[in-house]
There are 2 protein chains.
Amino acid sequence: MARWQPDAPGRLAAAALDLFEERGYENTTVIEIAERAGLTKSTFFRYFPDKREVLFDRGTVTGVLVEGIASAPPTAGPLDVVAEALDALGRTFFTAERREYSGRRQAVLNANTELREREALKRIDLTASMIEALNRRGLPLLTARVAAQLGTLVWEIAYDRWIDTGNSEDFGPLARQALAEVRAAGALRQGPSSGHIGPDDDSIQTDSPG
Amino acid sequence: MARWQPDAPGRLAAAALDLFEERGYENTTVIEIAERAGLTKSTFFRYFPDKREVLFDRGTVTGVLVEGIASAPPTAGPLDVVAEALDALGRTFFTAERREYSGRRQAVLNANTELREREALKRIDLTASMIEALNRRGLPLLTARVAAQLGTLVWEIAYDRWIDTGNSEDFGPLARQALAEVRAAGALRQGPSSGHIGPDDDSIQTDSPG
């Protein structure tokens, strides 16, 4: 069992994770998940529409990100706004207590195409929410889309490092580090006549101005 | 029926699209799709593992992109390499004859969560192939990831415009235009203390150097 103390949907998710690891996603039923969690099938369906949904967060991550984007300092640049939001996510959701569960969950997801598909669509919907929140701050839509797209990449890099068992750093600092790397990579020039992707080196700002 | 002349999998896709439009994805069976195409159920399963797969290309898009990335001029910058690949896609796959089918297909996909999920995962796998191909050109992995991430955004913007019935421009030029806009958006500064996302305006190169 995960060490973090979960509520009913959290207990269902922890039970599902145990069972998916033990016997595989395909060979686990909703009834078995509910039983393992000490709950009923109807309780399961009060929280989740189907078995595939049990390992997915019910809007918390989106809410924290959207709120983090809205409350970032007014002077913050597009990517710094995203970094503030990822910091908030690290403080409230991707906490140290959750790390082990998150790593196990990701391994189960990676092993199953049905779960990977659902995760892929969730990510698209999440990116859309970030774009909307950035746009509401007054950023032009296209700038919001670029920032959200790069922010998603920053997130992926930080997340992979965060769930790595050899790593003990918090999610927020890992996201800041990944952001700096993405900025530097975007600035890299390849050939003499090539356009580069990102800002010039001397304009890279890795620290939030807020 | 679509105007372009399809082979067996193409006929199955066209028949499926007609049926999904007429009666909905959920209410259409594989047998009905095969019958509408004048083929058998076993022929269907020779080409597609399940009903969900029938509207998805079997690797052609990935192949064209990977080949386009590999054969771009050696001096091309990361995003120009992606633009070359999108140009190649416009010449060979997203052709004028295919535009109407693509627009109808996208509308069916957008209306169904199962299909959206599969599309989302295909996109992730496609981005992974682009990253690999960029990396093989000698680009550092992180630069390849940034270029592929922004290239995906360029593609999305160009594709939405291309399937728009009010538009008659070819996919390649639309991709070039979208790339220029993404570059300009990335360069936009928001506040006095903010880092910007992309290159400075005077360093933006919208034309391929090759």
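**Reading side-chain contacts and a helix in a predicted model**

Student: How many aromatic pairs does the structure hold over all chains?

Tutor: The structure holds 20 aromatic pairs over all chains. Please bear in mind that this is a predicted model.

Student: What describes a pair of aromatic rings?

Tutor: Two quantities are used: the distance of the centres and the angle of the planes. Take Phe44(A) and Phe48(A): their ring centres are 5.4 Å apart and their planes stand at 50°, so the pair is tilted. Phe44(A) is buried, as is Phe48(A). For Phe93(A) and Phe94(A), the centres are 5.4 Å apart and the planes are at 65°, so this pair is edge-to-face. Planes over 60 degrees apart count as edge-to-face.

Student: Where does the charged end of Lys51(A) sit, and where that of Arg105(B)?

Tutor: The charged end of Lys51(A) sits over the ring of Tyr25(A), at 4.3 Å from its centre. In chain B, the charged end of Arg105(B) sits over the ring of Phe56(B), 5.2 Å from its centre.

Student: Let us turn to a helix. What should helix H5 of chain A span, at 1.5 Å a residue?

Tutor: The expected span is 1.5 Å times one less than the number of residues. Helix H5 of chain A (residues 78-92) has 15 residues and should therefore span 21 Å; its end C-alpha atoms are 22 Å apart, which agrees.

Student: How many residues of H5(A) are buried?

Tutor: H5(A) is mostly covered, with 12 of its 15 residues buried. Among them are Pro78(A), Leu79(A), Asp80(A), Val81(A) and Asp87(A).

Student: Which side chain does Asp87(A) meet in a salt bridge?

Tutor: The structure holds 38 salt bridges over all chains. In one of these, the side chains of Asp87(A) and Arg176(A) meet at 3.0 Å, N to O. Asp87(A) lies in helix H5 of chain A and Arg176(A) in helix H9 (residues 171-187) of chain A, so the pair ties together parts that are 89 residues apart in sequence. Asp87(A) is buried, and Arg176(A) is buried too.

Student: Which side chain does Arg104(B) meet in a salt bridge?

Tutor: Arg104(B) meets the side chain of Asp18(B) in a salt bridge (2.7 Å, N to O). This pair links distant parts of the chain: Asp18(B) is in helix H1 (residues 8-23) of chain B and Arg104(B) in helix H6 (residues 99-110) of chain B, 86 residues apart. Asp18(B) is buried, with a relative accessible area of 9%; Arg104(B) is buried as well, with a relative accessible area of 16%.

Student: Which residues do salt bridges that share partners join into one network?

Tutor: Such salt bridges join Asp50(A), Arg52(A), Glu53(A), Glu114(A), Arg118(A), Lys122(A) and Glu117(B) into one network.

Definitions and conventions. Residues are numbered from 1 along each chain as its sequence is written. Chains are lettered from A and ligands numbered from 1 in the order in which they are written. This is a predicted model: local features need pLDDT of at least 70, side-chain atom pairs count only at pLDDT 80 or more; totals for chains, interfaces and linings use all residues. Side-chain values use heavy atoms; hydrogens and water are left out. Rings of Phe, Tyr and Trp (its six-membered ring) pair if their centres lie within 6.5 Å; planes under 30 degrees apart count as stacked, over 60 as edge-to-face and the rest as tilted. Buried means under 20% relative accessible area, exposed over 50%, partly exposed in between (1.4 Å probe, protein chains only). A charge sits over a ring if NZ of Lys or CZ of Arg is within 6 Å of the ring centre and within 35 degrees of the ring normal. Helices (H or I, at least four residues) and strands (E, at least two) are DSSP runs, numbered from the N terminus. A salt bridge is a side-chain nitrogen of Lys or Arg within 4 Å of a carboxyl oxygen of Asp or Glu.
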